[in-house]
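Student: Please take me through one part of this model in close detail. I would like its surroundings first, then its place in the whole chain.

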Amino acid sequence: MTQLQGIPESLLIPLAARSYETESPRGIIKDPLSQKIMASLDYDFNKFSGSWMTQVGISVRTWLIDQLVRRFIQQARRPLIINIGCGLDTRRQRLNLEDIPWVDLDVPEVILLRKQFFTETEVNRFIAKSMLDETWMDDVMTWAPYSEKSEILIIVEGVLMYFESSEVQQFFNFVSQKFNQHQLQMIVECCSQLMADHTHYHPTVSRLDSKPTLQIWL
């Protein structure tokens, strides 16, 4: 497996949570693709087993965002979805949205890993850049499925809590400016001050080899 250092290693937490939840007979979500991916990775996932609260929390988050994405697709005439910090997310496949223009963005080492399990298509583009690299928006706007009439949904799931408030503000500023002529919706997750102050007690983040720190930016 591509060695993941720092924040990118955190993508393994939601992958494991979705996989473990799928094993439950009464699971909140069912994601056999995540199970398949996890089984093929050379990584000690046992460190995450037994983290029930994280598993349920991520599963509920996943279910809620799935519903919001479905609603957006139903209402938008020309939908385009941008998945920031995509990691090994399986939403596009899980919801059978293979015909919807969809951009998966993450840092180069993560996109390299993602390409082992997912294939780019004419309507699914991978962009290997940081979310703070403003040029990714130019990549989107020069992509064939994009148009000035595109209705855009940006998903930022399990990402912003690893960045400083100034970086998060920078991200929101340039996204809102660049896409200001579009009907733009965003699904954004953040963490509480309590969680940020106690990262070292977090049942899964604290077990990552890279020891990333959660941030509060509200």
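Tutor: Strand β1, residues 79-84, is mostly covered: 6 of its 6 residues are buried. Keep in mind that this is a predicted model. The side chains of β1 point two ways. Pro79, Ile81 and Asn83 point one way. Leu80, Ile82 and Ile84 point the other way, and all of these residues are buried.

Now the neighbours. β1 pairs with β4 in the parallel sense, over 6 bridges. Within that pairing, isoleucine 81 has leucine 153 of β4 as its bridge partner.

Follow β4 onward. β4 covers residues 151-156, and α7 covers 165-178; methionine 161 is found in the loop between them. Methionine 161 counts as buried because its relative accessibility is 6%, and the cut-off for buried is under 20%. Methionine 161 and glutamate 189 are 28 residues apart in sequence, yet their C-alpha atoms are 8.0 Å apart in space.

Step back to the chain. Its secondary structure comes to 8 helices and 5 strands. Along the sequence they follow the pattern α-α-α-β-α-β-α-β-α-β-α-β-α. Of the 218 residues in the chain, 52% are buried. Take the contacts between residues at least 6 apart in sequence: 68% of them join residues at least 24 apart. The accessible surface of the chain comes to about 10800 Å², and carbon and sulfur atoms account for 50% of it.

Notes. Residues are numbered from 1 along each chain as its sequence is written. This is a predicted model: local features need pLDDT of at least 70, side-chain atom pairs count only at pLDDT 80 or more; totals for chains, interfaces and linings use all residues. Side-chain values use heavy atoms; hydrogens and water are left out. Helices (H or I, at least four residues) and strands (E, at least two) are DSSP runs, numbered from the N terminus. Buried means under 20% relative accessible area, exposed over 50%, partly exposed in between (1.4 Å probe, protein chains only). Contact means heavy atoms within 4.5 Å. Accessible areas come from the Shrake-Rupley method with a 1.4 Å probe; for residues, only the protein chains shown count as cover. Two strands pair if DSSP finds at least two bridges between them.
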